[in-house]
Amino acid sequence: MLKRFILRALAFLLISSFVVLNAKETIKIGAIVAATGPASFLGDPELKTLQHYVAKINAQGGVNGQQIELIHYDTGANPKKAVTFTKRLINQDEVVAIIGPSTTGETMAIIKFVEKVGIPLMSMAGSVAIIDPVKKYVFKIAATDRMACKKVMQDMNKRNLTNLALISGSGGFGKSMRKQCKEVAPSFGVKIVADETYGKKDSDMTSQLLKIKNNKDVQVVLNPGFGQGPAIVTKNYVQLKIKHPLYQSHGVASKKFIEIAGSAAEGVRVVAPPVVVADKLDDSVAIKKVALAYKNEYEKAFNSQVSSFGGHAYDALHVIVDAIKRANSTEPSKIRDAIEKTQGFEGVDGIVNLSATDHLGLDTETGMIMLEIKNGDWTIVK
Amino acid sequence: MIELFGYLLSGVTVGFIYTLVGLGFTVIYNSSGIINFSQGEFVMAGGMSTVFLIYAGLPLGVAFVLAILITSMIGIVLYKLISFSRDSSQISLIILTLGFAIFLRGLAQIIFDKQLHTMPSFVGEGAFEIFETTLSYQALLIMVVASAIVISLYLFFQKTKTGQAMVAASNNVDAAKLMGINIKKILILNFAISAVIASIGGILLTPITSTSYEVGIMLGLKGFCAAIIGGLGTPFGAVAGGLLLGILESLVAGYISSEYKDAVAFVVLLAILFFMPGGIFGNLKSQRV
């Protein structure tokens, strides 16, 4: 009886010590992504990228000799779930850093929790509100919609176009970009002369476009939005024979858009992160190597077209890994300090230079480029 | 004036799309008194399976037929679920259809993917020019097919024995049984017909709007509004409701603001429910509710 008890106790001790040892060996990084639901076009490539590259980093020996353990939760783009999962990552899983969430609403909802506990957060969402004003533990990787607006308006300035008509999707993406574009317009001398919207599941935008067509002031049209809406706008635009140049946002910067809009997409200009055309970038562009490697690896691993969103996940993960290496520690506050000192990091999205006053660190020049669709393919507008 | 014409034409195009979806609600309601909230997902299933069959290398025609068959099988599965349900009160059956819709959406995410898909228009990408606006061939095709379906449904319900048996079954199940009508057969047929109409809608829509696993949510809602506004139970009701909804939306987007466009559907729905609870073409059955 006693013997059996001792044996059991020994076994228990052995197992638990093994578990503890094992737990010490991995670096736990949390991820909150919208892998399903209305923002799955963001979260799905993000999660795939994270899983793929965590496995790759581990196969190459991990970070500072430790393996990375990715603990991820799917929010379905619901901010309430994002909050629940953040608490779980902090309290239960005890992660050292969090990547995500995919959308701005979710990010804003969890900021106060990571700030309170002091866990570095690397958001992959678009809005500039996340890092402006700067919060101690909150960083952001993706180019903002404000940058996209600036890039479009720079291009409009080059073509001497000033009177802009907006036709925006009514989803979060369209709304946010519409707001940013209206804010930056005056600094480029751009006048918004029409401001239309459409529901993201609408099947015909002829009414809105007719209104724009009959507005004599309009010189150029911009369509902030993602999903099927912009493709329908583009088709209707051609059917109505509207002659003004049409700009689309980075929300449709994937081959899928050209496929769905078909021949109507010819001549449309799209503001996009460089990864979309990684193979066409000049060799002088510093990030070409990283972007092209990512594009090829993603397309080979998942047999689907690369999108800019997966690139955010690549950058988020590698900035954190890089910081952990430099900090030579898995202490969240030390990782945070190291992240803030990131300089000249070559990511898929651009060169990242972070500082105490800038928690995004991308500039408009490397973060966004202007593309034109010609013969069913992207060409870079110089 | 030309503006107004453009808005009306756009409204009619969208209206016929709503009609195609609304018709499916009508057919199932006509025989079972159930509102089938997975109707929008039937539309999605029709479009998505066609697209993926085409990807698999099948010729267009074969893909259409197979997609329609697949969707009608889904309709029959839904009927089987309903007939297995122990609680046969209408409310619980309606909730069952809602659950089935969510299930189909999830299934589509797994079997297909979460991307948008489209297929070439089978009548060509071109458009007729009418005054300063245009009507694409595909939109015209939708109008023709929707009208043909409406007329054949009307003839079916009014002139054929099977059709009349369906109407009888919905008016009074027990009496219909006593008359020797095989209720089970009638209902299976009905769910299949409704799914077939939905899948035709899904196939016709895809070249215009493209399709994805979640395309059914909004289409289902708008189609439901169209059916209720026109009066459930009559194919002409779905046409009237669909067109009214489409034209109103287009006019609001054109003359007031596109911001309020989507609210129109629901405001009209409420107004109809308050003042004409049976819908525009409301018939006897509405009184039963």
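Biologist: What makes B:Tyr79 count as buried or exposed?
Modeller: This is a predicted model, and in it B:Tyr79 has a relative accessible area of 5%. Buried means under 20%, so B:Tyr79 is buried.

Biologist: Is B:Phe191 buried or exposed, and what makes it so?
Modeller: The relative accessible area of B:Phe191 is 1%. The cut-off is under 20%, so B:Phe191 is buried.

Biologist: Why is the pair of B:Tyr79 and B:Phe191 called tilted?
Modeller: The ring centres are 5.6 Å apart, and pairing needs centres within 6.5 Å. The planes stand at 50°. Stacked is under 30 degrees and edge-to-face is over 60, so the rest count as tilted.

Biologist: What does that pair tie together?
Modeller: B:Tyr79 lies in helix α3 of chain B and B:Phe191 in helix α8 of chain B, so the pair joins parts 112 residues apart in sequence.

Biologist: What makes B:Phe274 and B:Phe275 a pair, and of which kind?
Modeller: Their ring centres are 6.3 Å apart and their planes are at 50°, so this pair is tilted.

Biologist: Are B:Phe274 and B:Phe275 buried or exposed?
Modeller: Exposed means over 50%. B:Phe274 has 64% relative accessibility, so B:Phe274 is exposed. B:Phe275 has 70%, so B:Phe275 is exposed.

Biologist: How do you know that B:Lys261 forms a salt bridge with A:Asp202?
Modeller: Their closest N and O atoms are 2.5 Å apart. The limit is within 4 Å, so the contact qualifies. The count between chain B and chain A is two salt bridges.

Terms used. Residues are numbered from 1 along each chain as its sequence is written. Chains are lettered from A and ligands numbered from 1 in the order in which they are written. This is a predicted model: local features need pLDDT of at least 70, side-chain atom pairs count only at pLDDT 80 or more; totals for chains, interfaces and linings use all residues. Side-chain values use heavy atoms; hydrogens and water are left out. A salt bridge is a side-chain nitrogen of Lys or Arg within 4 Å of a carboxyl oxygen of Asp or Glu. Rings of Phe, Tyr and Trp (its six-membered ring) pair if their centres lie within 6.5 Å; planes under 30 degrees apart count as stacked, over 60 as edge-to-face and the rest as tilted. Helices (H or I, at least four residues) and strands (E, at least two) are DSSP runs, numbered from the N terminus. Buried means under 20% relative accessible area, exposed over 50%, partly exposed in between (1.4 Å probe, protein chains only).
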